[in-house]
Amino acid sequence: MQQPVNRQVILKSRPSDIPQAENFAVIESAIPSLNDGQILVRNVYLSVEPAMRGWVSAVANYSEPVAIDGVMRSLTVGHVVESRHPDFQIGEVVTGMFGWQDYAAVEAAAIQRKVPDNGLPISTALGVLGINGLTAYFGLFDLSQPNPGDTVVVSTAAGAVGSCVGQLAKLHGCRTVGITGGPEKVDLCRETFQYDEAIDYRADDFEATLALACPDGVDIYFDNTSGPISDAVMRHINVGARITLCGTASITRWDPIPQGPRVHRQLLVNRARMQGFLVFDYMDRYAEALEKLTPLVRNGELRYREAILEGIDQAPDSIASLYRGDNLGKRLIRIAPDRI
């Protein structure tokens with residue numbers, strides 16, 4: 001009988017902007033053996049994030065770039081299939097930064113958390129009950145600090161983070177305005193994610209429609225894009241507005257650094273606050289957020305969509321696919337059965 005192998009997606013070349021399929025290769029290696037204290041995880045779902053563009057870039061980022069010929073960094077969720085650590089048992093579901101590969105031999109410290117059997121698919125541990133839901137929760141409540149009645153504008157509003165932000169703000173009593181691309185995503189924002197208004201930034205009348213959607217100005221802007229969309233929103237911010245910088249999806253190159261309209265005057269006159277945000281700064285509070293988010297997901301108050309690709313061979317093109325806007329929901333890659 002043929003022995004199983006460990007398929008891995010490695011970074012073959014460093015992209016100049018958005019990573020493409022040709023920047024990666026799928027290789028086979030032996031399944032790693034364990035040292036004392038380690039755990040062998042069989043990955044089931046691999047996560048795909050817009051932030052991966054920064055993780056493979058040579059331009060300075062908040063983390064060390066993935067090494068050439070190194071396994072692509074990725075959050076995953078999977079099963080413990082072998083353990084030499086007393087705190088982890090075979091069959092438990094765990095999540096962590098285990099990479100685009102079938103199997104990962106990891107230290108206990110690399111495991112972010114055990115995923116409880118809460119009646120929800122384990123894939124949610126990478127999306128609405130993972131990095132995306134956590135980003136939305138802390139970015140909205142800790143940084144944006146919404147008040148009932150606030151107008152909250154969210155870019156990439158149909159995305160895995162944006163859709164959570166909009167729904168959480170709505171549940172908090174805010175008026176929500178989502179910005180997204182294309183009629184299908186506009187409908188998704190309105191019908192599934194229950195935004196009060198949804199706007200297509202690709203439409204010729206985008207700026208006029210934005211003004212009509214925010215007649216009383218913007219109290220909170222959850223910025224996932226930067227660029228021209230954010231420039232348009234900034235013209236409508238209110239006194240005391242809070243702008244949370246979560247992503248820069250519209251910027252394809254950072255060398256040279258793009259130049260755009262200056263926002264200093266708008267921030268000054270409106271005594272507004274703009275702050276960058278990384279969810280990894282909140283790791284010690286993940287349990288707090290999950291305690292709030294899990295019942296909302298279970299009872300259908302916090303809705304989510306997943307866009308699942310099948311097989312590790314789909315991984316090399318998956319980041320580029322995100323930036324093409326191919327997905328409707330959290331992009332995941334399934335490489336093994338949900339249950340062992």
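# Briefing: aromatic pairs and nonpolar cores

Tyr286 has its place in helix H8. The model is predicted. Five aromatic pairs occur in the structure. The largest nonpolar core has 49 residues, and another core, of 20 residues, lies apart from it.

**Tyr286**

- The relative accessible area of Tyr286 is 8%, so the residue counts as buried, the limit being under 20%.
- Beyond its neighbours within four places in sequence, Tyr286 is in contact with Gln112, Leu134, Phe138, Val279 and Phe280.
- From Tyr286 to Val153 the C-alpha to C-alpha distance is 25 Å. In sequence, Tyr286 and Val153 are 133 residues apart.

**Aromatic pairs**

- The structure holds five aromatic pairs. Among them is the pair of Phe24 and Trp100, which is tilted. Its rings are 5.7 Å apart, centre to centre, with 55° between the planes.
- This pair links distant parts of the chain, 76 residues apart. Phe24 is in strand S2 (residues 24–29). Trp100 is in the loop between strand S5 (93–96) and strand S6 (103–107).
- Phe24 is buried, at a relative accessible area of 7%. Trp100 is also buried, at 0% relative accessibility.
- Phe138 and Tyr282 form a stacked pair. The centre to centre distance is 4.7 Å, and the planes are 20° apart. Because stacked means planes under 30 degrees apart, the 20° angle puts this pair in that class.
- Phe138 lies in helix H2 (residues 131–144), and Tyr282 in the loop between strand S13 (273–276) and helix H8 (286–298), so the pair ties together parts 144 residues apart in sequence.
- Phe138 and Tyr282 are both buried.
- Ring pairs join Tyr137, Phe138, Phe141, Phe277 and Tyr282 into a cluster.

**Charges over rings**

- Arg42 places its charged end over the ring of Tyr103, 5.0 Å from the ring centre.
- Lys114 lies over the face of Phe88, also at 5.0 Å from the ring centre.

**Nonpolar cores**

- In the largest nonpolar core, of 49 residues, the members touching the most others are Val77, Phe138 and Leu168.
- At least two residues of this core come from each of strand S3 (38–47), H2, strand S8 (151–155), helix H3 (160–171), helix H4 (183–191), S11 and H8.
- H2 gives the largest share, seven residues.
- Another core, of 20 residues, lies apart from the largest one. Its members include Val153, Tyr221, Ile229 and Ala232.

**Positive phi**

- Asp69 has a phi near 70°, a positive value in a residue other than glycine.
- Asp69 is in the loop between helix H1 (52–55) and strand S4 (76–83). At 47% relative accessibility, Asp69 is partly exposed.
- Ser226, likewise not a glycine, has a positive phi of about 60°.
- Ser226 sits in the loop between strand S11 (218–223) and helix H6 (227–234).

How values were computed. Residues are numbered from 1 along each chain as its sequence is written. This is a predicted model: local features need pLDDT of at least 70, side-chain atom pairs count only at pLDDT 80 or more; totals for chains, interfaces and linings use all residues. Side-chain values use heavy atoms; hydrogens and water are left out. Rings of Phe, Tyr and Trp (its six-membered ring) pair if their centres lie within 6.5 Å; planes under 30 degrees apart count as stacked, over 60 as edge-to-face and the rest as tilted. Helices (H or I, at least four residues) and strands (E, at least two) are DSSP runs, numbered from the N terminus. Buried means under 20% relative accessible area, exposed over 50%, partly exposed in between (1.4 Å probe, protein chains only). A charge sits over a ring if NZ of Lys or CZ of Arg is within 6 Å of the ring centre and within 35 degrees of the ring normal. Contact means heavy atoms within 4.5 Å. A nonpolar core is a set of buried Ala, Val, Leu, Ile, Met, Phe, Trp, Tyr and Cys residues joined through side-chain atoms within 4.5 Å.
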